[in-house]
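Reader: Please take a close look at one part of this model and describe how it is packed.

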Amino acid sequence: MDEQPPNYHREFFKSPHHAALGLLTLGGGFMGGALLPLIAGVTLYVLGWIYLPDLPFFRRWVEGRFDQTKRAAEAARLAEFVQRRETLLRSLASERRARYNRLAQVCRDIESASADGALASGDAASDPRLRKLDELMWTYLRLLGIEESLERFLETERGENVPGILKDAEAEANRLNSEIETLKSKGGDPTLETKQRYLGSRLERVEVLRKRQQRSEQAQANLALVVAEQERLDQQIKLIRADAVATKNAETLTARIDATVEHLDQTNKWLSEMDEFKDLVGDLPNTEQRVGYEAAPATVLAPPVIQPAQARKRDPARQRQS
């Protein structure tokens, strides 16, 4: 969505320039104590309203304020994103954090190899090509987070042995159904209605267990796909590093990065279709600055300083006794 240009007359109404204009014109006219100065003041005020908002110095002032507001909003979005990224990274198991850090080192190698070569840029902080590395690493981090959630879910389900419980529940439901059919054929059994209700409850339990098993099977398939996407992304980033080291052709290296990001769009589309992981799905903030991919350094708390205990002062009375 394109940004709307500022309304200079509206901004002039809220500006200190308007207050100064009113003070100098209307205020000066009233202080004159005569009709002619008042008319002159009102006239100058109206002329100022017409022409001052269009003067270059005022437009520069308004645009500077708009740019400052835009930068502040952009900084807030960046800070929010970095906080979300750090929260996700800290939630990972140590082995997955190590995998992320190893791939981040590959990206650092790419930047180092291209600093004086194909991807050299006057402003690396806003280079759109290097920003794509941030996007690749953000997708890789989300894949690690999804893998962690899926592994945790499957570990819980495996611990409860849902397939075994389902098998026993289906056997029980079949047995109850056979008993009820036998009672119906005999007729006159007062417990028939109660057993039918009991069977209905057990059949609902069987249906719930089937849904749990289906969800486990879907999670297992999703986990396999997540791991495959991680491995593909890992190899593609390493291929970019190989090109960055071996080639000095900016077009070749840029095309390699673009092709990797194009495949990334397919991965992001697949991630967006996973309703249970919507909290992990999200694009980078739409800013001109890079968000980076480096993990924040771990905060090491200094050990508390234990003050030596002060020697107890002896009671003066006891000193005299001794």
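Which residues does Leu233 touch, not counting residues up to four places away in sequence?

Author: This is a predicted model, in which local features need pLDDT of at least 70 and side-chain atom pairs count only at pLDDT 80 or more, while totals for chains, interfaces and linings use all residues. Residues are numbered from 1 along each chain as its sequence is written, and side-chain values use heavy atoms, with hydrogens and water left out.

Leu233 touches Leu136, Thr139, Tyr140, Leu143 and Leu264, leaving aside residues up to four places away in sequence (contact means heavy atoms within 4.5 Å). Leu233 is also among the residues with the most contacts inside the largest nonpolar core, as are Tyr100, Leu136, Met137, Leu141 and Ile237. That core has 38 residues; a nonpolar core is a set of buried Ala, Val, Leu, Ile, Met, Phe, Trp, Tyr and Cys residues joined through side-chain atoms within 4.5 Å, and buried means under 20% relative accessible area (1.4 Å probe, protein chains only). Two or more residues each come from α4 (56-91), α5 (94-114), α6 (128-160), α8 and α9 (250-272), where helices are DSSP runs of H or I, at least four residues, numbered from the N terminus. The most come from α6, with twelve residues. A second, separate core of eleven residues includes Ala169, Ala173, Leu192 and Leu199.

Helix α5 packs on α8 at an angle of about 25 degrees, with the axes 8 Å apart (axes are lines fitted to C-alpha atoms over the stretch in contact, and angles run from 0 to 180 degrees between N-to-C directions). That makes α5 roughly parallel to α8, a term for angles under 35 degrees. Ile237 of α8 takes part in this contact, and Leu103 and Ile110 are among the α5 residues that do.

Note on methods. Buried means under 20% relative accessible area, exposed over 50%, partly exposed in between (1.4 Å probe, protein chains only). Angles under 35 degrees count as roughly parallel, over 145 as roughly antiparallel, 65 to 115 as roughly perpendicular and the rest as oblique.
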